[in-house]
Amino acid sequence: LISSIIYLCGRGRLVVLALSVAGCVLWFALSRAYDGNGVLAMHATHTSIVLCGALCVLLFFSGAGDANRRLAAGIALAAVLALCAFLLHTIYPISKIGATPPWALYCAALCSGLFALLYWLIEVRRVSRWTALVQPAAANPLITYLLPVVLATLMHYLHRRWWPAVTQGAGASAFSMLFAAVV
């Protein structure tokens, strides 16, 4: 909601979004420094992730510019976000549970870089046949998002558990990739 309000009030301007990301990081930092509301600080971090996504999309799909310029802007965004995350990591840990800025900025950098790679493959190189594999998930993202939760809930109520071989070590990594592909 906050990201949407910022986007609408800022009329989708890149500078407003970038400054808002910095503001979210500052909110987190001040909250931590002065024992403020930790939940609001975590919400600021989550807001920054959404704002970074909006920045990425605007770089690729608004305004003039050829594909190479857009690609360079996306890669630059990923690099700047990663650098900021690296610098903030000297102060805060990388923690999803704590919703720290380094975690958020590394995630946003990774997503921006991945988006740039996909843009290059699909829009620039025109390599898109492979996207048929993920088309059902793209057409129904809410189902894709909720299906694991539904399955976990059913397993809980049916008193079923995953086998230990698929919940620990290398087996867990392989199983999680297979599960994600099936979903």
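C9 is exposed, at a relative accessible area of 61%; exposed here means over 50%, buried means under 20%, and partly exposed lies in between, with a 1.4 Å probe and protein chains only. Before I go on, this is a predicted model, where local features need pLDDT of at least 70, side-chain atom pairs count only at pLDDT 80 or more, and totals for chains, interfaces and linings use all residues. Residues are numbered from 1 along each chain as its sequence is written, and side-chain values use heavy atoms, leaving out hydrogens and water.

Next, L105. This residue sits in helix α5, residues 101-124, helices being DSSP runs of H or I, at least four residues, and strands runs of E, at least two, numbered from the N terminus. L105 is buried, with a relative accessible area of 3%. Leaving aside neighbours within four places in sequence, L105 is in contact (heavy atoms within 4.5 Å) with V21, V25, C52, L81, C84, A85 and L88. From L105 to I94 is 11 residues in sequence and 9.6 Å in space, C-alpha to C-alpha.

Last, L158. It is found in the loop between α7 (141-157) and α8 (169-182). L158 counts as exposed, at 55% relative accessibility.
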